[in-house]
Structures are given as structure tokens and as C-alpha cells.
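Open the model in your viewer and keep the selection tool ready. Each stop below says what to select and what is there.

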Amino acid sequence: IGQAVVFVYEGSNALVQRFGKLHTDSNGQAVLYQPGLHFVLPFIDKVKYIDVRMQTFDVPSDRIFTLEQKTVKLDYFVKWRVGDITKFYLTTGADYRKSNSSLRGKINDALRSEVGKRELKDVITGERGNIIAMLKTKATEGAVNFGIDIIDVRMVKLDYPPEVTQSVYARMRASRDRMATMYR
């Protein structure tokens, strides 16, 4: 009797596989168990738990070329959750690593495209909000096929290329030297 009772925890939903196929009701919709206590047929049904809480994945620094062929390093993160449980299960097999890598690929392509259209100064200053909005739009378009809802895409860190970093430090030193000379 222990195998006939299934408990679905808060923050999860469950799908039932009967004889290896997704169990559906009379309308052809997949049988979905909400949090709580449920009964299944022992040895016939298998329960697949789907975490419907918000998921986050970080993408470490990646070199991206701007319009003038200078590189920047960008870190970003994505917050998402499962929107259509059945579609998520059928497309990814409820494999969160697979869905993360698929989303990462789509977002990286969009990021390279958007940054590649802009000059370095635009990426660093004013156009950042537009880039993030475009990333979120592209990620949402790509995630619909997986049954995923994109909540947020944000840039965490933007590093200058080494040659730009050195020139910024040189300008800062020169400015401080001028100030020191003036006070002396």
C-alpha cells in the first residue's frame, strides 16, 4: 500500500506515466497532481516530479566582440520557471540541466548579436537597458518552445578589455597627478 500513495510537496507538481506513456484524462490532457496526497496504481504508474519554483542560472564571463571588434566580458543570470508542465516534460524530459543549456545557447546568440551591433561606449553606458530588454524578449521567444516562462535576464558584470582598462587607469593616474601638482 506504500507504493499506492504519493505525496507531492509544495513547490512541485507531478505527472504520471502509465506503462511508460504520459497518463491522460478523457479530454486528452495530461494528469497533473498538485501538492498534496494522491493515489496511483502500484507497479503500473510512475510519478515524475516537476519543480515549479523559480530557477536561476548564472553564466560566467564570456568574451563578446563589439562593432569595432573590441572585446568585453559579460556575466549575466537568468531567472525562469516552468510554465507549461506537460510541454516542459515532453521537450526536456524534466531535465533542468538540458533546459538551462538550451536557454543559455539562445541567450548567448542574442547577446552576441546585440553587442555586435553596438560600439563599446554604447555597450558600457546608455544602451545597456536596451540590450537587457532585447535579451529578455529573445529568451522568452525561445523558452516558449520548452514550456518555460522567463522572469528576468540581467547583466551582473561587464569588464573592459585589457587595453581599455589600462587606458582608463592611465587617465585616472594623470588626473590625480594634475590634482596633486595643483595642490603642491
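Select Glu114 and Arg118. The two form a salt bridge, and their closest N and O atoms are 3.0 Å apart. Both Glu114 and Arg118 are buried. Salt bridges with shared partners tie Glu114, Lys117 and Arg118 into one network. In the Glu114–Lys117 pair, the side chains meet at 3.4 Å, N to O.

Is Lys117 buried or exposed? Lys117 is exposed, because its relative accessible area is 53% and the cut-off for exposed is over 50%. Glu114 has a relative accessibility of 5%, so it counts as buried.

A word on the model itself: it is predicted. The mean pLDDT of the chain is 85, and 97% of the residues score at least 70. Colour the chain by confidence. Where is confidence lowest, and where is it highest? The lowest mean, 77, is in helix α3, residues 120–124. The highest, 90, is in strand β5, residues 36–39. Where pLDDT is low, the predicted coordinates should not be read in detail.

**Next stop: Glu119**

Select Glu119. This residue sits in the loop between α2 (96–116) and α3. With a relative accessible area of 33%, Glu119 is partly exposed. What does Glu119 contact, leaving aside its neighbours within four places in sequence? The contacts are Thr66, Leu67 and Glu68.

Now set a distance between the C-alpha atoms of Glu119 and Leu22. The separation is 50 Å. Along the chain, these two residues are 97 residues apart.

**Next stop: Asp45 and Arg18**

Select Asp45 and Arg18. Their side chains meet in a salt bridge, at 2.6 Å from N to O. This pair links distant parts of the chain, 27 residues apart. Asp45 belongs to strand β6, residues 45–51. Arg18 belongs to strand β2, residues 12–18.

Check the surface at each end. Asp45 has a relative accessible area of 11%, so it is buried. Arg18 is partly exposed, because its value is 25% and buried means under 20%. How many salt bridges does the count come to? The count comes to 5.

**Next stop: Gln55**

Move to strand β7, residues 55–65, and select Gln55. Its relative accessibility is 18%, so Gln55 counts as buried; the cut-off is under 20%. Follow the side chain of Gln55 to the backbone oxygen of Arg53, which it reaches at 3.3 Å. Then show the surroundings of Gln55. Apart from neighbours within four places in sequence, Gln55 is in contact with Val78, Lys79, Trp80 and Tyr96.

**Last stop: the nonpolar patch**

Select Val5, Phe7, Tyr9, Leu37 and Phe39. Together these residues make a nonpolar surface patch of about 560 Å². Which strands each supply at least two residues of the patch? The strands are β1 (5–8) and β5. Strand β5 is also where the chain's confidence is highest.

Finish on Phe7. This residue is in strand β1. Phe7 has 43% relative accessibility, so it counts as partly exposed.

Methods. Residues numbered from 1 in each chain as written. Predicted model: local features only at pLDDT ≥ 70, side-chain atom pairs only at ≥ 80, totals over all residues. Heavy atoms only, no water. Helix = DSSP H or I, 4+ residues; strand = E, 2+ residues; numbered from the N terminus. Buried < 20%, exposed > 50% of the residue type's maximum accessible area, 1.4 Å probe, protein only. Polar contact = N/O pair within 3.5 Å; in protein donor to acceptor, adjacent residues only side chain to side chain. Contact = heavy atoms within 4.5 Å. pLDDT = per-residue confidence, 0-100. Patch = residues over 30% accessible without salt bridge, like charges linked within 9 Å, V, L, I, M, F, W, Y side chains within 5 Å. Areas by Shrake-Rupley, 256 points an atom, 1.4 Å probe, with all protein chains shown as cover. Salt bridge = Lys/Arg side-chain N within 4 Å of Asp/Glu carboxyl O.
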